[in-house]
Amino acid sequence: MSFISEFEALAEDGARLAFLGYRLVTDPEGLFKELRDDRPVWNTPLGTFVTGYDHVMEAMNCHQVFSVRLYNEKMQPLVGTYPLGVDDGADYLRDASLLRLSVAAEDADHVQALADDVVQGLIAAVRQTPGPVSFDLVKDFAYRVPTQVLARYFGMPGGAESPGDLALRDGLDAIFCDIFDNLTNNDGLHQAAMTQAGLLLPILEQEIAEIGAGKVPVAGALVIPRLVALRAAGATSRDDLGLAQLVLGTIAGVVTTIAIVVANVANMLLTATNASALVAARTAATANDNDALWLVVREAMRFAPPAGFQLRYAERAYTFDLDNPGTTTVNANARVLVCVGSAMLDERRIPSPKEFRTDRGAEDYLMFGVGMHRCLGRFIAPKILVSTIGGLLRAFPDLQIAPGKRFEQDMIRPGFPVSLPVVAE
Ligand code: HEM
């Protein structure tokens with residue numbers, strides 16, 4: 001019996017949600033293949049799933065119909081008005097421009113240097129005694145690296161002295177979880193995020209006020225000082241709290257995302273079935289060839305992107321390109337899950353999608369989004385990823401998953417890494 005007919009045979013939404021969740025965890029590949037083949041646009045009471053590459057591109061580029069208002073509902077109580085939750089217009093343009101100037105693509109080398117420094121520090125910490133090492137790649141690196149790098153790059157208070165502080169990491173993760181993962185609006189998760197935002201915003205607000213009053217920023221900090229300078233130049237009317245919200249919204253959205261990618265990519269490389277990918281990664285790392293290593297990491301992300309879908313809301317009913325077989329109408333007011341992860345495996349558009357290849361064109365990769373909200377950190381993020389994966393492979397040439405152990409993900413939050421115990425001589 002196919003997944004769709006089994007799903008449709010269930011009467012209750014709760015049972016359908018449980019069945020869908022089960023299949024998403026146990027056989028995502030089979031599930032999405034069936035949807036791409038039979039229902040590339042699939043209306044369910046839980047939301048509309050858009051899974052085919054062409055349909056995904058069409059939806060993501062049609063931002064007049066598929067709005068980001070659901071993000072706004074999530075972000076507003078935590079970090080106020082944030083570009084990812086704002087549709088096209090003057091407000092979006094003003095804030096997105098402010099962020100694009102403050103998180104500049106030109107910072108890539110600077111971020112790479114910060115990341116290298118952080119990664120070397122963490123490697124030294126796990127190597128305190130001579131001889132074989134064993135550590136947890138998720139706990140000791142996946143979360144710590146982006147927390148420390150972004151704290152320093154943005155100029156979060158304490159970023160230089162106590163970066164990677166667990167309280168900061170957990171606070172950012174709680175906010176991320178409520179915005180991007182709390183689809184059922186669980187109140188406990190929301191309250192936990194509100195508490196963390198309530199703790200972090202005043203700290204950021206004070207730092208912004210002090211920088212505005214002339215305090216010299218910590219070495220390496222670029223983003224907060226730039227935001228303050230742009231405000232002084234009249235680019236925004238956001239007050240200290242408004243800038244703090246912009247900073248918190250960005251960092252909270254990013255740390256967990258990078259942690260998921262580091263964990264997924266490391267697990268994929270260290271799993272025996274991916275021997276050729278690991279060889280390619282080790283060769284690039286040993287040669288200090290960051291460009292070649294990025295092609296390996298990027299391809300690994302195609303198989304295991306940090307977010308399988310982007311959330312949208314259908315402002316009105318929309319019928320996809322009528323010439324396309326499998327055409328369907330999305331109902332007005334539907335929650336739409338635009339499944340970029342599925343699109344990157346669509347055999348109709350991606351050549352040999354199951355093959356691990358590093359010679360693909362940029363159009364095969366959608367994990368940084370598509371359309372007007374495409375990730376503005378997409379030139380920075382690869383530096384942090386390559387620095388982490390490359391640093392580990394160089395420092396520990398025989399790094400492997402600890403015998404008898406495996407990659408553990410959260411039972412309640414599928415896709416979120418918990419532990420990847422590794423060993424090396
Ligand atoms: C592996 C790392 C990252 C991944 C996979 C990623 C992915 C994404 C995706 C998929 C979107 C679009 C979401 C949507 O349309 O619904 C997005 C937007 C965004 N990203 Fe990233 N991101 C990463 C790192 C970063 C970094 C390092 C920064 C900044 C420091 C950043 C800042 C942003 C911002 C501000 C937006 C909203 C842009 C807008 O609304 O115009 N991201 N990201």
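**Reading the model by residue and helix**

Tutor: Let us begin with Met-301, which lies in helix 15, and keep in mind that this is a predicted model.

Student: Is Met-301 buried or exposed?
Tutor: A residue counts as buried if 20 or more other C-beta atoms lie within 10 Å of its own. Met-301 has 23 other C-beta atoms within 10 Å, so Met-301 is buried.

Student: Which residues does Met-301 touch, not counting residues up to four places away in sequence?
Tutor: Touching is judged here by C-beta atoms, which must lie within 7 Å of each other. With residues up to four places away in sequence left out, the ones that Met-301 touches are Val-261, Val-265 and Met-367.

Student: Helix 15 has 14 residues; how far does helix 15 reach from its first C-alpha to its last?
Tutor: At 1.5 Å a residue, the span expected for helix 15 is 20 Å. The reach found in the model is close to that expected value, and from the first C-alpha of helix 15 to its last it is 20 Å.

Student: Which helices do the buried residues of helix 15 pack against?
Tutor: The buried residues of helix 15 include Leu-293, Val-296, Val-297 and Met-301. The buried residues of helix 15 pack against helix 13, helix 14 (275-286) and helix 17.

Student: Are helix 15 and helix 17 roughly parallel or roughly perpendicular to each other?
Tutor: Helix 15 (residues 290-303) and helix 17 (residues 381-395) have axes that are 10 Å apart and pack at an angle of about 95°. Angles from 65 to 115 degrees count as roughly perpendicular. Helix 15 and helix 17 are therefore roughly perpendicular.

Student: How many nonpolar residues does the contact of helix 15 with helix 17 have?
Tutor: On one side of the contact, helix 15 brings Asn-290, Leu-293, Trp-294 and Val-297, and these meet Pro-382, Leu-385, Val-386, Ile-389 and Gly-390 in helix 17. By class, the contact of helix 15 with helix 17 has no charged residues and 2 polar ones, while the number of nonpolar residues is 7.

Student: Which residues of helix 11 make the contact with helix 5?
Tutor: Helix 5 (residues 69-79) and helix 11 (residues 187-212) pack with their axes 9 Å apart, at an angle of about 40°. That angle makes helix 5 oblique to helix 11. Helix 5 contributes Pro-77, Leu-78 and Val-79 to the contact, and from helix 11 come Ala-193, Met-194 and Ala-197.

Student: What is the phi of Gly-214, which follows helix 11?
Tutor: Helix 11 has 26 residues and reaches 36 Å from its first C-alpha to its last, close to the 38 Å expected. Helix 11 is followed by Gly-214, whose phi is positive, with a value near 110°.

Student: Where does Asn-185 lie?
Tutor: Most residues other than glycine have a negative phi. Asn-185 is a residue other than glycine, yet its phi is positive, near 55°. Asn-185 is also exposed, with 10 other C-beta atoms within 10 Å. In the chain, Asn-185 lies in the loop between helix 10 (166-181) and helix 11.

Student: Does Asn-333 count as buried or exposed?
Tutor: Asn-333 is not a glycine and has a positive phi of about 70°, and it lies in the loop between strand 7 (329-330) and strand 8. Because Asn-333 has 10 C-beta neighbours inside 10 Å, Asn-333 counts as exposed.

Student: How many other C-beta atoms lie within 10 Å of Val-338?
Tutor: Val-338 is found in strand 8 (residues 335-338), and among the residues that Val-338 touches are Val-50, Met-60 and Phe-309. Val-338 is buried, and the number of other C-beta atoms within 10 Å is 26.

Student: Which helix gives the largest share of the shell around the ligand?
Tutor: Of the 22 residues around the ligand, Gly-369, His-373, Cys-375, Gly-377 and Ala-381 come nearest. The elements that give two or more residues to the shell are helix 6 (90-102) and helix 13 (240-270). By class, the shell has 16 nonpolar, 6 polar and no charged residues. The largest share, 5 residues, comes from helix 13.

Terms used: Residues numbered from 1 in each chain as written. Predicted model: local features only at pLDDT ≥ 70, side-chain atom pairs only at ≥ 80, totals over all residues. Near = placed C-beta within 6 Å. Helix = DSSP H or I, 4+ residues; strand = E, 2+ residues; numbered from the N terminus. Nonpolar A, V, L, I, M, F, W, Y, C, P; charged D, E, K, R; others polar. Axes fitted to C-alpha atoms, helices over the stretch in contact; angles between N-to-C directions. Parallel < 35°, antiparallel > 145°, perpendicular 65-115°, else oblique. Contact = placed C-beta atoms within 7 Å. Expected span 1.5 Å × (residues − 1). Buried ≥ 20, exposed ≤ 12 C-beta atoms within 10 Å, placed from the backbone.
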